[in-house]
Each structure stands twice: as structure tokens, then as C-alpha cells.
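Dear colleague,

My notes on what was found in it follow directly after.

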Amino acid sequence: MSRIRMAIAGLLFLLGFRRAQRARRRIVPEGREDRRTETLVILLLGAAALCAAGFVAVYALDRIPRQTQFLGLSTGLSFACFAAASILVGKRLVAEEEIKGPYPTEHEPEQEEVVRIVEESKDTFTRRRLLGLAAGGAGAALSAAILAPVVSLGPFLDTDRLYVTPWRRGRRLVDDRGRPFRAADVETGTFYTAYPEGADPEQVGAPLVVVRLDPRALRLPDGREGWAPHGILAYSKVCTHAGCAVALYRTPLYEPTSPRPALVCPCHYSTFDPAAGGAVLFGPAGRPLPQLPLLVDGAGHLRAAGGFSGPVGPSWWGVRKK
């Protein structure tokens with residue numbers, strides 16, 4: 001009886017061993033290492049990162065010719081290289097396992113098989129760390145290319161720069177040729193553009209619109225009684241709606257029925273009342289045009305008597321203003 005028992009035990013042991021061997025048999029066929037494809041994927045990811053970095057460089061250097069075309073080319077090539085690398089990984093490096101028949105329900109054996117499929121599929125990758133670094137670098141460069149235009153919308157932390165203008169007390173008003181404005185030469189019903197003498201005329205807070213009204217028609221806010229010598233008023237040329245240039249001046253053609261004088265932005269037709277401190281008469285602008293106080297020096301030239309009554313630029317610039 002003891003021999004029969006030993007034979008049965010040995011037979012059971014062999015059967016169990018064979019079952020274990022079958023259970024350990026690979027589900028996914030062992031794939032061949034494809035170092036060429038891995039190298040090509042790494043090169044494509046590197047090219048994607050370089051193209052994305054090129055986008056940031058072209059965007060920062062805004063003086064190069066045909067900038068828009070280079071921006072589109074660098075972006076398109078970056079996404080194309082990234083897509084090609086993804087296709088190669090999916091087609092050549094990731095093992096494919098097709099399940100015939102109905103999809104198995106949630107049971108532990110099937111779940112274990114899925115885990116094994118995932119684990120065994122890694123065998124074809126020989127340089128996982130290098131591929132991970134290449135993919136991370138390409139992703140970081142693409143993220144930088146996406147964020148570059150967002151950051152250039154304006155300063156996020158140092159917002160005080162938005163409120164700096166070149167206008168100071170005593171700075172003379174000049175035209176686009178640098179000739180000073182004389183108070184006697186400013187006519188009623190005419191629209192003038194002035195700039196700060198000796199300063200950069202391309203600064204946002206530099207250009208002014210200058211008009212002359214009858215002093216008796218002025219209704220300036222309290223504290224601005226001396227800001228308009230001889231009825232001459234100066235306002236920022238930058239519309240407080242979206243930052244366009246205030247380039248139109250409406251003057252009455254027939255006093256009894258025509259509307260009063262107004263400064264108009266042609267982009268969205270925000271209309272401002274120069275007699276009332278640049279108050280909004282019509283349109284989407286959210287606040288008045290900033291007014292610049294003026295004075296007339298001994299030679300009859302117009303000069304700034306101080307800074308603007310408010311921040312220059314679109315209304316959304318003032319969101320962070322304390």
C-alpha cells in the first residue's frame with residue numbers, strides 16, 4: 001500500500017508541475033528587441049523638442065522676417081514628429097494581443113492575465129529610461145511653446161509697469177516731427193495727436209489727443225479746474241475698452257441739433273466726452289479716458305502739469321490695481 005501511495009503522490013506531483021508550467025507559459029509571444037525603432041523614436045522626440053523650442057525662440061525674437069510663417073512651421077513640425085514617434089511606439093514597440101471571442105467578465109484569472117500581458121509587453125523596450133527622458137523633454141518643450149503666448153499677454157507679477165508713463169510735470173507736448181505745440185496754434189474743432197518731448201513715442205502711455213473747447217462748456221470733475229488752460233484738453237489716446245487708438249473727433253455741424261463734441265474709438269465705437277473729463281457717452285468702454293493736466297509756459301508752449309488722472313490702457317489692466 002505504501003508503494004501505491006507513493007506512486008499516486010508522484011503522479012499528482014507531475015500533474016501539478018505540468019499545470020504550473022502551463023500557467024507560467026507566456027500569454028504574449030516574446031517580442032524581438034528593435035533598437036533601430038527605439039533610436040528612431042528617440043530622434044523624433046528630440047526633433048519635436050527642438051521644433052517646440054524653436055517656436056519659443058521665434059516668438060521671443062519678434063524682429064525676424066516672416067515670423068508668422070516660422071511660428072506655424074515650427075509648431076507643425078513639432079506636432080508631426082511627436083505624432084510619428086507615437087505611431088512607431090504603438091506599431092513596432094508595444095506588443096499586441098488579440099482576444100478572440102467575447103470579452104471576459106471580471107474574474108480573478110482574467111485580471112491576472114491582463115496584468116501579465118502588461119508586464120510581458122515591456123520586454124521589447126531595451127532603453128526605457130532614455131525613451132522616458134526623450135518623451136519628457138518633448139512634452140516640456142511643447143508645454144513651453146503653448147505657454148509662451150500666454151505669458152506675453154502681460155506681466156503677471158510685476159503689474160506696476162502697466163501704470164508707468166513718460167509724462168511728468170514740465171514735459172513739453174510735441175508733434176510726430178518733434179515740433180512743440182503752442183497754445184495759440186490749437187484750434188477749436190480740430191483733433192491733434194501729441195507726444196512727450198524726449199521720450200519714446202511708442203510707449204503705451206505716450207500718445208495724447210489734444211482738443212480745444214469753449215471754457216464755458218467744460219464740466220470737469222472736482223479738482224481739475226486748472227487742468228485745461230484756455231479750454232485746451234489732453235487725454236490718453238489709448239481707448240479704455242480694448243486698447244485701440246482713439247482716432248476720431250466728432251464736432252457739431254449745427255449747434256442747435258448736433259450732439260456735443262466727442263472723442264471716438266473707431267474699433268468698437270466707444271465715445272468719450274472731452275468736456276466732462278473723458279466720461280463714457282456710448283460704447284463698451286468701462287471707464288473714462290485718463291486726462292493729463294496741462295499748463296502754458298512763458299513761451300506759450302503746452303506742457304504737462306502732472307500725471308494722468310488714472311491708469312492708461314484697457315479696463316482689464318486695472319483689475320490688479322490697488
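Strand E4 carries Ile 232, Ala 234 and Ser 236 pointing one way and Leu 233 and Tyr 235 the other way, and all are buried (buried means under 20% relative accessible area, exposed over 50%, partly exposed in between, with a 1.4 Å probe and protein chains only). Five of the five residues of E4 (residues 232-236) are buried, so the strand is largely enclosed by the rest of the structure. Helices (H or I, at least four residues) and strands (E, at least two) are DSSP runs, numbered from the N terminus.

Please note that this is a predicted model, in which local features need pLDDT of at least 70 and side-chain atom pairs count only at pLDDT 80 or more, whereas totals for chains, interfaces and linings use all residues. Residues are numbered from 1 along each chain as its sequence is written, and side-chain values use heavy atoms, with hydrogens and water left out.

E4 runs antiparallel to strand E3 (residues 208-212), to which five bridges join it; two strands pair if DSSP finds at least two bridges between them. Opposite Ile 232 in E4 stands Arg 212. Two bridges also join E4 to strand E9 (residues 291-292), again antiparallel, and there Tyr 235 has Gln 291 as its bridge partner.

Among the buried residues of H3 are Leu 71, Cys 81, Ala 85 and Leu 88.

The largest nonpolar core has 20 residues, and Val 41, Leu 45, Ala 52, Ala 85 and Ala 138 have the most contacts inside it. Such a core is a set of buried Ala, Val, Leu, Ile, Met, Phe, Trp, Tyr and Cys residues joined through side-chain atoms within 4.5 Å. Helix H2 (35-60), H3 and helix H5 (128-151) each give two or more residues to this core, with the largest share, nine residues, coming from H2. Apart from this core lies another, of 18 residues, including Leu 173, Ala 194, Val 210 and Val 238.

With kind regards
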